[in-house]
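Student: Please take me through one part of this model in close detail. I would like to look at the ligand site, then at some charged pairs elsewhere.

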Amino acid sequence: MSPKIPFNLPYLSGREKEYVVDAIQSREHCGNRTYSQKCIQKLEADFQFQKVFLTTSCTTAMEMGAILANLKPGDEVIMPSYTFSSTGNAVLLQGASPVFAEIEPNTMNLDVNKIESLISPRTKMILPIDYAGIPCEIDKIMEIANRHDLLVMQDAAQSFHSSHNEKPCGSVAHLAAFSFHESKNISCGEGGALVVNRPEWNERASFIQEKGTDRSLVLKGIKNKYNWVEKGSSFLLSDILAAMLLAQLEAAETIMNLRSKVTEAYLKLLRPHSNKGLIRILNPSSHAKLNHHAFFVIFNTEKHKEYFLTHLLGKNIHAYIGYLPLHSSPIGKKLGYKPDDLPITEDLASRIVRLPFYTNLSSQGLDYCLNGIQSALKKIQYL
Ligand SMILES: *Cc1c(COP(=O)(O)O)cnc(C)c1O
């Protein structure tokens with residue numbers, strides 16, 4: 001029987017169980033307890049984040065960010081169509097409207113040259129993502145935002161531990177959201193974080209996170225009763241999950257190093273095929289340091305992509321298509337978009353494949369996986 005190469009397999013550092021059991025036995029395992037505080041301090045110290053709020057997911061971190069940014073009906077938010085539903089939902093849930101922009105083919109991230117033509121008097125925010133952990137052009141995006149008095153929230157779900165121009169992803173935008181979902185480099189099952197880089201927003205953010213109450217002031221001893229003071233929700237990560245998260249954060253360097261071996265192996269295997277024009281692979285920018293979240297390949301034709309996926313599946317190797325663009329989704333259609341409104345996005349989305357990628361792949365099954373990919377690509381050449 002051939003081994004199975006899954007698309008993703010969560011990594012365990014070895015300390016998760018000890019910390020989680022400790023959190024449970026502490027009998028103080030709601031949000032913002034001991035393990036949460038440790039995670040927050042570590043994140044703020046290691047990555048120059050002004051203030052971190054642990055949340056139940058990246059999805060809810062962006063919802064919290066959208067409330068914090070006062071998004072309201074009539075406001076427009078410019079985002080790539082090539083993203084996950086959560087990016088769009090954060091905006092829709094506040095009654096605001098996503099405005100979808102094209103992506104740049106090398107990185108699959110928001111094309112910064114396409115932003116300004118989409119800015120209208122209603123534009124309130126730019127919401128870029130860091131696809132596959134590749135940083136978006138955040139400095140240019142901030143420059144555009146400052147010139148037009150807009151806010152920037154970065155969907156950094158995939159880019160924890162990446163950096164751009166020596167600055168960690170999430171440290172530059174006004175707001176940034178990370179994911180610690182099972183599928184991401186650092187995981188606590190389901191979890192996330194909202195980074196707030198505007199100190200004047202810290203207090204309101206703490207109210208929004210705690211069901212719209214000023215409970216944080218009671219905890220600090222500033223007030224003795226808490227009250228309903230904001231629009232908010234229940235965004236706090238349980239300390240039980242924060243305990244798992246701490247074990248993972250402590251292993252962040254190991255995780256990144258192990259993952260970098262997978263990138264190297266894929267690059268070595270695929271460069272020759274890329275030189276022949278069958279596929280295109282990322283040409284990394286010298287401005288970016290990658291967290292090795294994912295590896296994608298863009299085929300020259302959709303037919304070749306389909307053949308590749310089928311061939312790999314026959315060998316029990318699970319590669320994956322990318323996103324179905326939001327503008328051509330059922331919700332995108334309801335918002336008035338047609339597929340050919342964003343032809344670059346549609347075309348790239350039809351030809352992209354994400355290869356299996358997980359922290360232990362370098363020691364578990366990498367050769368089998370590389371051989372499978374090699375044989376699929378050889379066959380495609382002679383189709
Ligand atoms: C994974 C992901 C999300 C969702 O993260 P959750 O923590 O599962 O909510 C949002 N946006 C992008 C770009 C993602 O990759």
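Tutor: What follows covers the ligand site, then the salt bridges. Keep in mind that this is a predicted model.

Start with the space itself.

Take D155: one of its polar side-chain atoms sits 2.8 Å from a ligand nitrogen atom. Q158 faces an oxygen atom of the ligand, with an N or O atom of the Q158 side chain 2.7 Å away. S179 also places a polar side-chain atom 2.7 Å from an oxygen atom of the ligand. How much of the ligand does the protein bury? Taken alone, the ligand exposes 390 Å², and the protein buries 92% of that.

Next, the charged pairs. Side chains of opposite charge can pair when their charged atoms come close. Across the whole structure, a search finds 19 salt bridges. One of them joins the side chains of R147 and E116, at 2.8 Å from N to O. Another joins D75 and K72, where the N to O distance is 3.6 Å. Look at the two partners in that second pair. D75 has a relative accessible area of 8%, so it counts as buried, the cut-off being under 20%. K72 has a relative accessible area of 45%, so K72 is partly exposed.

Methods:
Residues numbered from 1 in each chain as written. Predicted model: local features only at pLDDT ≥ 70, side-chain atom pairs only at ≥ 80, totals over all residues. Heavy atoms only, no water. Polar contact = N/O pair within 3.5 Å; in protein donor to acceptor, adjacent residues only side chain to side chain. Areas by Shrake-Rupley, 256 points an atom, 1.4 Å probe, with all protein chains shown as cover. Salt bridge = Lys/Arg side-chain N within 4 Å of Asp/Glu carboxyl O. Buried < 20%, exposed > 50% of the residue type's maximum accessible area, 1.4 Å probe, protein only.
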